[in-house]
Amino acid sequence: MRSALVVGTGLIGTSLALALSRRGVDVYLSDADESAARTAASLGAGRAVLPSQPVDLAVLAVPPARIAEVLAKGQQEDWARVFTDVGSVKARLHDAAAVAGADLSRFIGGHPLAGRERSGPLAGRADLFEGRPWVLTPGPTTSRDALNQALELVSLCGAVPVVMDTDEHDHAVALISHAPHLVAALMAARLENAREESVRISGTGIRDLTRIAGGAPELWEDILAANAPAIAEVLAAYADDLTAAVQALHAVAGPDAEAAKRGAADLADLLRRGNAGHARIPGKHGATSASYAVVPVLISDRPGELARLFAAAGSAGVNIEDVRIDHSPGREAGLVELLVDPTVADRFATSLGAAGWTVQA
C-alpha cells in the first residue's frame, strides 16, 4: 500500500491515519469539518486534501448512518481502487450500500475493536490498534484485491485480523460492546439525581462499571439505532436474569425460610455464572484470562510517585501485569493495586516494604 484516503478525522480516523503515515503510506485526509482534517494533518496524520488520482485504499471513518452514501459517492468520483470502513455495525451497512448502488466487489467491511472515552482528532494515537482485534466482513462478491488491501491495512496498524460474517459480527458486538454500553448508561443514570452523600462515597467498583457511559451520546445514538435488533435480543436476556435476581432478593429478605433458601441458591448460581463468563474474556496478549495476585501499596498524590513505584518493581525483577488506582476521598493519597504473578507476590511485597513503601496486608 502506497497511498490511502481517510474520510473522517475523529479518534479512529486520525489514529489509523497516524499509524499509516508512520509506516510510510502517503495519506490524504477529508472531513466535513475542515478544521478537524487540518488538526489531524498538523499532528502528522497526512495532508488535508483529496487525492488528484485514485489511491490504493479509502477508509470511511464516518458515522454508520452515512457510510453507504459516502461509499457510493467515493466510488462514483473514483477516490480509490478499494474501500473499507470502520463502523461498528455491518449487516445493515452492506444492505444499504447495495441499495445506494455501490460496487460491493470493491468494498470490504471493517471494524477495529479499539477506542477511548475521548473523541476528536486530538485524541488520536498511532498505537491505538496495536494488538487489538480488527474484524473484516467480506461479502460474497468481495474481490481478492479488496481483502488483501484490508489485511494490509490491519497489519500496518498493528492489529489482529478476524474474518466474520456480517450477522455474526453484529450479534457479537451487541453482546460484548453495545448492550454493555447501555447497561453502563443505565447504571450511571441512577446517579444523576442521587443524594450527594451517596455519590460522595463512590469507589472503584461503580467507577469501573460506569466508565464507558462517558462516551459521546451522539455517536452512540447512531450505533444503537443501527444495531437495534441484536442489542434488544441481548438486553431481553439481561432482563430475564435481572427479574430473576429481583425475585431472589425479595425471597431472601422474606419470611418464608424455604423460599429464602431457594433465593440464596439462585443468587449463588448467578454469581457463579458471572465468574464463568468473566473467565472467558481473553487476557494478556489474547491468551486465556489469568488470575493475578494483588499487591496493594499506599501512595501519596505527588508528581513522580508512580514512576518511583514502577522503578521499584523493575529493581525487584517483577513484571506488573495490570494496575488499579483508587484515590482516597478528601486526602492527597491513594491506593495503587499492582497485579503480579502470584509466585512473586510475597517476595515483591517484602521488597517494597524494605524500600520504604507501605504495603497493605
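**Domains, sheet pairing and a pocket in a predicted model**

The protein chain is divided into three parts, namely domain 1, which covers residues 3–164, domain 2, which covers 171–279, and domain 3, which covers 292–359. The structure described here is a predicted model. When centres are taken over C-alpha atoms, domain 1 and domain 3 are separated by 40 Å.

Strand pairing is described next. In general, the strands of a sheet pair through backbone hydrogen bonds, and the pairing may be either parallel or antiparallel. In this model, an open sheet is formed by 7 strands, which follow the order E2-E1-E3-E4-E5-E6-E7 with mixed pairing. Its edges are strand E2 (26–30) and strand E7 (160–163), each of which pairs on one side only. On average, and with direction ignored, neighbouring strands of this sheet are turned by 25 degrees against each other.

Within the sheet, strand E5 (residues 107–112) and strand E6 (residues 133–137) run antiparallel and are joined by 4 bridges. Helix H3 (residues 67–76) lies across strand E1 (3–7), strand E3 (55–60), strand E4 (80–85) and E5, and the helix runs at about 175 degrees to E4.

The loop between E5 and E6 contains Gly 120. Apart from neighbours within four places in sequence, the residues in contact with Gly 120 are Thr 9, Gly 10 and Leu 11. Gly 120 is also 48 residues from Ala 72 in sequence, and the two are 25 Å apart in space when the distance is taken from C-alpha to C-alpha.

Further pairing involves strand E8 (residues 293–300), which is joined to strand E10 (residues 333–340) in the antiparallel sense over 8 bridges. In this pairing, Leu 298 stands opposite Leu 335 in E10. E8 is also joined to strand E11 (residues 358–359), with which it runs antiparallel, by 2 bridges, and Val 297 stands opposite Val 359 in E11.

Attention then turns to empty space in the model. Such space can be shown, in general, by rolling a probe the size of a water molecule over the atoms. The second largest pocket has a volume of about 160 Å³, and its lining is made up of His 181, Leu 182, Ala 185, Ala 213, Gly 215, Pro 217, Trp 220, Glu 221 and Leu 224. At least two residues of this lining are supplied by each of two helices, H6 (166–189) and H9 (217–226), and the largest share, 4 residues, comes from H9.

Methods:
Residues are numbered from 1 along each chain as its sequence is written. This is a predicted model: local features need pLDDT of at least 70, side-chain atom pairs count only at pLDDT 80 or more; totals for chains, interfaces and linings use all residues. Side-chain values use heavy atoms; hydrogens and water are left out. Domain bounds come from an automatic or database domain assignment. On a 1 Å grid over the protein atoms alone, a cavity is a set of points where a 1.4 Å probe fits but cannot get out, and a pocket is an open set with protein on both sides within 12 Å along at least five of seven lines; lining residues have an atom within 4 Å of a point. Grid points are joined across faces, edges and corners, and a volume is the space filled by probe spheres set on the points. Two strands pair if DSSP finds at least two bridges between them. Axes are lines fitted to C-alpha atoms, for helices over the stretch in contact, and angles run from 0 to 180 degrees between N-to-C directions. Contact means heavy atoms within 4.5 Å.
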